[in-house]
Amino acid sequence: MGKSFFLYGPSGSGKSTLGQRLATKLGLKFRDLDAEIVEQAGMNIPAIFAEERERGFRIREKRVLQEVIGADPVVVALGGGTLLDPESRSLVSSEGDVLCLRATTETLLARLHHEDDRPLLEGDREERMRRLLEERSHHYDSFTLQLNTEELTLEQATREVQIALGAFRVEGMGLGYDVRIGSGSLDDLGGAMRSRGLKGSVVVVSDENVAKLYAERTAVSLQQAGYEVHEVLFPAGEQNKTLETVSRLWTAFVQARLERQSTIVALGGGVVGDLAGFAAAIFLRGVSWVNVPTSLLAMVDASVGGKTGANLPQGKNLIGAFHAPRLVLVDPCTLSTLPGFELRNGLAEVVKTGVIGDPKLFARCEEGEAVVRSHLDEMVRRSVAVKIDIIEEDPYEAGIREALNLGHTVGHAVEKVSNFRLHHGEAVAIGMIAEARISQWLGLAEDRLADRLRGALKGLKLSVEVPGDLSKDALVAAMRLDKKRAEGKVRFSLPVRVGEVKTGIEVDEAEVLELLE
């Protein structure tokens, strides 16, 4: 998780342009391998080829590659044939992730139109490019991570690169923090924390269910990185998201003799992350914490954004603080042990995220449960990308970030009135349909949006109707306590179409009551 990122592919695929942009997004140094070769040689690439031929260039290329890969993670734009050398490919694979960029012959040539320093394309450019791509086709196909940059703007391509690599950095709240998504990354937790300068002892906060599965692996990773590790557990379930549990965590922190430079690791679902983050925000006026979500719901929603808190008897998340983690590390492999109902719980938030800002993600959700289950890693990455886009624009929920509350105004009320018999995802699914109906009634939503949402949610085996045994008056009363209310009125985030949500919409209580029928 402290590894480097390598962009590879034919000339004109966008390696240098995207590499610079990616490095800026991630707060890393950028190294362009061809530029480094030219600087060291004191002559341009055509001159190197003329004097040393391709063999001499490849020798230089291999030496420079070994030099640019150091102790610190970097973003590297590789040459179009750098990894044809088996040793170079092995070195790069051991140091980070390789993303192979592709485009059509016509697009590559168009992008290289003004460049004349391509020795391998001398002569008939089109014929040489076609032959080169044909010769290297199998080689380029052999890389797991691929991105076709055809017809993508720089901003779109950068976003897709980050999704493919599972690498993000969130700015706008404190120092900023990294989000890394990768299978097996839980075993790299200790190294990832060390590479980000986290010191002192560590307390791992988890619930009793998650601890049975992952606490030992987490402790081993931390101990191997040299951390002194303590552990504090509490019973699983939303009903334990209380101040009493927070107080129990504070007591454990005192007993572990935590200091300001110590770190708290939240290992578990959204309840664990919210409570551990809130406890960290208040203890010693704020200590560092790392979020390691193990449920789909936490991965795609609760883990990113720095919102922490606990419930009061009167409602959900009525107390809390904005306290950004130092690192969010997501290992999708932990979803393999997630019960089916918990997976569906998280899928409701995935659908919500698609509605807010990623039509491609929503379209995938419409393909049904079997397809979604086979693409969970992609769903997590795309969902996180949407949320980061929004929270960077509005880190403290003063405006557009309220879009993330789609389905939650009604959903939180459903949760509370059902006495948490309905899980969060189930309630949000019900809330999205109710709020889509409200939006259509107000003339905001496009025709049949609620039907489209209903179809996607039902295809994922999620509830879409308010249970008949829940009092509609009680639901409206619960909404009055929603933390998003202003001047005594409840404000909704309502869907307009897939990819657009309007925030801050006030609706008369009587109308809400009628539409809940």
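Let's start with a crossing: α2 and α3 cross in a right-handed way (the near helix is turned clockwise from the far one by less than a right angle). Helices here are DSSP runs of H or I, at least four residues, numbered from the N terminus. The model is predicted: local features need pLDDT of at least 70, side-chain atom pairs 80 or more, while totals for chains, interfaces and linings use all residues. Residues are numbered from 1 along each chain as its sequence is written, and side-chain values use heavy atoms, without hydrogens or water.

Back to the pair. Helix α2 spans residues 33–41, and α3 spans residues 45–68. Their axes (lines fitted to C-alpha atoms over the stretch in contact, with angles from 0 to 180 degrees between N-to-C directions) lie 9 Å apart, at about 110°. That makes α2 roughly perpendicular to α3, a term covering 65 to 115 degrees.

Who touches whom? From α2, residues including L33, I37 and V38 meet α3 residues, among them F57, V64 and L65. Contact means heavy atoms within 4.5 Å.

Next, T245. Helix α10, residues 243–255, holds T245. Is T245 buried or exposed? T245 is buried, at 8% relative accessibility (buried is under 20%, exposed over 50%, partly exposed in between, with a 1.4 Å probe and protein chains only). Beyond neighbours within four places in sequence, T245 contacts F234, N240 and L275.

Last, cysteines. C100 is buried, at 0% relative accessible area. C333 is partly exposed, at 40%. How many disulfides are there? The count is 0, taking cysteine sulfur pairs within 2.5 Å.

Technical notes: Helices (H or I, at least four residues) and strands (E, at least two) are DSSP runs, numbered from the N terminus. Angles under 35 degrees count as roughly parallel, over 145 as roughly antiparallel, 65 to 115 as roughly perpendicular and the rest as oblique.
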